Amino acid sequence: MSKSDNSAPSGGDIRDMRVAALKYNSEQNNAPMVVAAGSGYTAQRIVELANEFGVTVYHDDSAATLLSSLKLGQEIPPELYQMVVDIYLTILTAAKNSKKQL
């Protein structure tokens with residue numbers, strides 16, 4: 001995925017688009033888990049719903065490909081922790097910077 005729009009990957013076909021949505025509840029899970037994933041038009045619809053409900057969308061084609069290959073409800077494996085931490089930090093930094101601009 002790339003910044004928050006619901007278009008196909010840059011220069012690509014919507015059928016090549018892949019997305020994954022994560023959720024983390026420290027009281028219930030040891031790691032973030034995949035709550036939605038898909039490709040093509042399903043991926044586009046997931047992004048549309050995220051935008052509609054104010055869910056932050058972070059675009060990274062490699063991360064989306066890796067995460068969308070996991071099963072729904074599966075916690076991310078330890079080898080993907082650093083990638084997900086980097087994504088979360090980017091989102092948190094962007095949110096903090098946007099609040100400073102207000």
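Trainee: How do the residues lining the largest pocket divide into nonpolar, polar and charged?

Mentor: The lining has 19 nonpolar residues, one polar and one charged. Keep in mind that this is a predicted model.

Trainee: What volume does the largest pocket have?

Mentor: About 520 Å³.

Trainee: And which lining residues lie nearest its centre?

Mentor: Ala 20, Ala 21, Leu 22, Val 55 and Thr 56. The lining has 21 residues.

Trainee: Which elements each supply at least two residues of that lining?

Mentor: Strand β1 (18-23) does, and so do the helices α1 (41-52), α2 and α3.

Trainee: Switching to packing. Which residues make up the largest nonpolar core?

Mentor: There are 11 residues, including Ala 20, Val 34, Leu 67, Leu 80 and Ile 87. Helices α2 (61-68) and α3 (81-101) each give two or more of them. The largest share, three residues, comes from α3.

Trainee: What does Leu 80 touch, leaving out residues up to four places away in sequence?

Mentor: Leu 66, Leu 67 and Leu 70.

Trainee: OK, Ser 68. Where does it lie?

Mentor: In helix α2.

Trainee: Is Ser 68 buried or exposed?

Mentor: Buried, because its relative accessible area is 15%, and the cut-off for buried is under 20%.

Trainee: What does the side chain of Ser 68 reach?

Mentor: The backbone oxygen of Ala 64, at 2.8 Å.

Trainee: Which residues does Ser 68 touch beyond four places in sequence?

Mentor: Arg 18, Val 19, Ala 20 and Ala 37. Take Arg 18: Ser 68 is 50 residues from it in sequence, yet the two are 6.8 Å apart in space, C-alpha to C-alpha.

Notes
Residues are numbered from 1 along each chain as its sequence is written. This is a predicted model: local features need pLDDT of at least 70, side-chain atom pairs count only at pLDDT 80 or more; totals for chains, interfaces and linings use all residues. Side-chain values use heavy atoms; hydrogens and water are left out. A nonpolar core is a set of buried Ala, Val, Leu, Ile, Met, Phe, Trp, Tyr and Cys residues joined through side-chain atoms within 4.5 Å. Buried means under 20% relative accessible area, exposed over 50%, partly exposed in between (1.4 Å probe, protein chains only). Helices (H or I, at least four residues) and strands (E, at least two) are DSSP runs, numbered from the N terminus. Contact means heavy atoms within 4.5 Å. On a 1 Å grid over the protein atoms alone, a cavity is a set of points where a 1.4 Å probe fits but cannot get out, and a pocket is an open set with protein on both sides within 12 Å along at least five of seven lines; lining residues have an atom within 4 Å of a point. Grid points are joined across faces, edges and corners, and a volume is the space filled by probe spheres set on the points. Ala, Val, Leu, Ile, Met, Phe, Trp, Tyr, Cys and Pro count as nonpolar, Asp, Glu, Lys and Arg as charged, and the others, Gly among them, as polar. A polar contact is a pair of N or O atoms within 3.5 Å; within protein, one must be able to donate a hydrogen and the other to accept it, and residues adjacent in sequence count only if both atoms are side-chain atoms.
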